[in-house]
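Reader: Hi! I have a new model open and would like to talk it through with you. Shall we look at it together?

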Amino acid sequence: MAFVASPSQGISVIDVRAMKELRRVDTGALSAPHDVLFADGKLYFTAEGYKTIGRYDPTANRVEWMLGIGQDGTHLLVLAKDRQTMWVPNRGSNSISVIDGVAGGPPKFKTTAIPVPGTTPEGLDLSPDGRELWTATRGDGGVSIIDTATRRVIQSFNLKLTDANRLKFTPDGSKVIILDGGTGTLVVLDAASRKEIKRLKVAPRDTGDGGVFVMPDGSRAYLGLRDDHSVVVIDLKTLEI
């Protein structure tokens, strides 16, 4: 199965082999589901309109629970390797929330909001060793790094990005790639030194919101450029299109 969230239409459940939609999950009027993440047979999703995350059981075809985050603009989902710790950016509250014990469901989980110095945190990813959470602050062109053990921001720096909304680690943890849709540019950083390695032009104009998928073997990254109506493939060894 594949799961596709639409802020206005709910979540589509798709049979990949048959290439057809099986059903549509209604997460509630004006709930605005945005991100989806499948783990251990369950589908986690954000419901930005309700300031919540939720979990859907596709086998039972029911939403099991909704968890209020208490922050504005809860947008994306990242799950730690322990499958118990989830991180979400809150664009309207300039914070990152961490949910402990998320797999256990209510009332076992605990939610903590971590303020970040920049504005409009959105794209985020955990380092493969789980020690750092990086987020691109879309409103000011910067990056903030959270120590996952202390739950504190340990470093922030400004890359002078125009509209960075997606950030991903390479699987070996050596590099961080950031899609700056405002300039149609991919920025590559060395994760250890925090230094910029390269800026690669991937589109001739503002590409708007985008998406980034990094292959598990670290060979390529696929950039979905919404307003450019294109998918750009990056060789992560040569850092070329």
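Reader: How many salt bridges does a search of the whole structure find?

Author: The search turns up 18 salt bridges. Keep in mind that this is a predicted model.

Reader: Good to know. What do the side chains of Glu48 and Arg91 do?

Author: They form a salt bridge, with 2.6 Å from N to O. Glu48 sits in the loop between β5 (42-47) and β6 (52-57), and Arg91 in the loop between β9 (85-90) and β10 (95-100), so the bridge ties together parts that are 43 residues apart in sequence.

Reader: And is Glu48 buried or exposed?

Author: Glu48 is buried, at a relative accessible area of 18%; the cut-off for buried is under 20%. Arg91 has 25% and is partly exposed.

Reader: Which other salt bridge does Arg91 make with Glu122, and what is the N to O distance?

Author: The Arg91 and Glu122 side chains meet at 3.4 Å, N to O. That pair also links distant parts of the chain, since Glu122 is in strand β12 and Arg91 in the loop between β9 and β10, 31 residues apart. Glu122 is buried, with a relative accessible area of 1%.

Reader: Nice. Which residues are linked with these in a network of salt bridges?

Author: The network links Glu48, Arg91, Glu122, Arg138, Asp163, Arg166, Asp209 and Arg226.

Reader: What about Lys198 and Glu240, how do their side chains meet?

Author: In a salt bridge of 2.6 Å, N to O. Lys198 belongs to strand β19 (residues 196-201) and Glu240 to the segment after β22 (230-235), so this pair ties together parts 42 residues apart in sequence. Lys198 counts as partly exposed at 22% relative accessibility, and Glu240 counts as partly exposed at 38%.

Reader: Changing topic: how much space lies in the largest pocket?

Author: About 1,400 Å³. Its lining has 44 residues, and the closest to the pocket centre are Leu77, Val78, Asp125, Lys168 and Val212.

Reader: Which strands each supply at least two residues of that lining?

Author: Those are β4 (33-39), β8 (78-79), β12 (121-126), β16 (164-169), β20 (210-214) and β21 (220-225). Strand β12 is also where Glu122 from the Arg91 pair sits.

Reader: And what is the lining like by class?

Author: There are 22 nonpolar, nine polar and 13 charged residues in the lining.

Reader: How far apart are Lys51 and Asp206 in sequence and in space?

Author: They are 155 residues apart in sequence and 29 Å apart in space, C-alpha to C-alpha.

Terms used. Residues numbered from 1 in each chain as written. Predicted model: local features only at pLDDT ≥ 70, side-chain atom pairs only at ≥ 80, totals over all residues. Heavy atoms only, no water. 1 Å grid on protein atoms, 1.4 Å probe; cavity = no way out; pocket = protein on both sides within 12 Å on 5 of 7 lines; lining within 4 Å. Points joined across faces, edges and corners; volume = space filled by probe spheres on them. Helix = DSSP H or I, 4+ residues; strand = E, 2+ residues; numbered from the N terminus. Nonpolar A, V, L, I, M, F, W, Y, C, P; charged D, E, K, R; others polar. Salt bridge = Lys/Arg side-chain N within 4 Å of Asp/Glu carboxyl O. Buried < 20%, exposed > 50% of the residue type's maximum accessible area, 1.4 Å probe, protein only.
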